[in-house]
Amino acid sequence: MPYDLTFQVQQDKLVVGRIRFNQIEVYQIDREKNKFNSLFTINYKGDSPENPITDGACYMKSINTDNNFFYMLNQDTEHPGEETYLDIFTWEGKPVKRLQLDALYLDGVLLNNMLYLKKYTDDDNLYMLPLNLLQIL
């Protein structure tokens, strides 16, 4: 079974979205020993590698990070292809905020506190979401 991963590195941490298992895993990177140490796992809807979902998936599209949070761009598992959410977590795994976005977005890149998003229906433009407008700090 393919894993279908999305991931991002922030300093000494690795965030992995396991799309088919509806999980976000966070690891500490040990550069001296050349290995990853698991910090925690966040399960969406209680699914796990031991009990993978059979109908649909979390549809994680991208993970972005900064020093304070990590941001998971995903689609609703109940209505895939209809709604996009930005789920925000602390580096301890605590959910901070879920923001329902105004359209179906396929990807996002965070740069200088601005999230640049690509809409499903528009290949020619990037849409900007300033993080300071999210009021998460």
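These legends describe close-up views of a predicted model of one protein chain.

Residues are numbered from 1 along each chain as its sequence is written, and side-chain values use heavy atoms, with hydrogens and water left out. Because the model is predicted, local features need pLDDT of at least 70 and side-chain atom pairs count only at pLDDT 80 or more, while totals for chains, interfaces and linings use all residues.

**Figure 1. The protein chain has 11 strands and 0 helices.** Strands (E, at least two residues) and helices (H or I, at least four residues) are DSSP runs, numbered from the N terminus. From the N terminus on, the order of elements is β-β-β-β-β-β-β-β-β-β-β. The chain has 137 residues, and 47% of them count as buried; buried means under 20% relative accessible area, exposed over 50%, and partly exposed in between (1.4 Å probe, protein chains only). Among contacts (heavy atoms within 4.5 Å) with a separation of 6 or more, 36% join residues 24 or more positions apart.

**Figure 2. Strands β5, β6, β7 and β8 form an open sheet.** The strand order is β5-β6-β7-β8, and the pairing is antiparallel. Two strands pair if DSSP finds at least two bridges between them. In general, strands of a sheet pair through backbone hydrogen bonds, either parallel or antiparallel. At the edges are β5 (60-65) and β8 (95-100), each of which pairs on one side only. On average, neighbouring strands are turned by 15° against each other, direction ignored; the axes are lines fitted to C-alpha atoms, and angles run from 0 to 180 degrees between N-to-C directions. Between the antiparallel strands β6 and β7 there are 7 bridges. Gln 75 stands opposite Thr 84 in β7.

**Figure 3. The largest nonpolar core has 15 residues.** A nonpolar core is a set of buried Ala, Val, Leu, Ile, Met, Phe, Trp, Tyr and Cys residues joined through side-chain atoms within 4.5 Å. The members that touch the most other members are Tyr 71, Leu 86, Ile 88, Leu 117, Leu 129 and Leu 134. Two or more residues each come from β6 (69-75), β7 (84-90), β9 (105-111) and β10 (114-119). The largest share, 3 residues, is given by β6. A second, separate core has 12 residues, including Ile 19, Val 26, Phe 40 and Met 60.

**Figure 4. Tyr 71 and some of the residues that it touches.** Residues up to four places away in sequence are not counted here. Among the residues touched by Tyr 71 are Ser 62, Ile 63, Asn 64, Leu 86, Ile 88, Leu 110, Leu 131 and Ile 136.

**Figure 5. Gln 11 and Asn 113 have positive phi values.** Most residues other than glycine have a negative phi. Phi is near 55° for Gln 11, which is placed in the loop between β1 (5-10) and β2 (13-18). Gln 11 is exposed, with a relative accessible area of 54%. For Asn 113, phi is about 65°. Asn 113 is in the loop between β9 and β10 and counts as exposed at 52% relative accessibility.

Figure 6. Arg 18 counts as buried because its relative accessible area is 10%.
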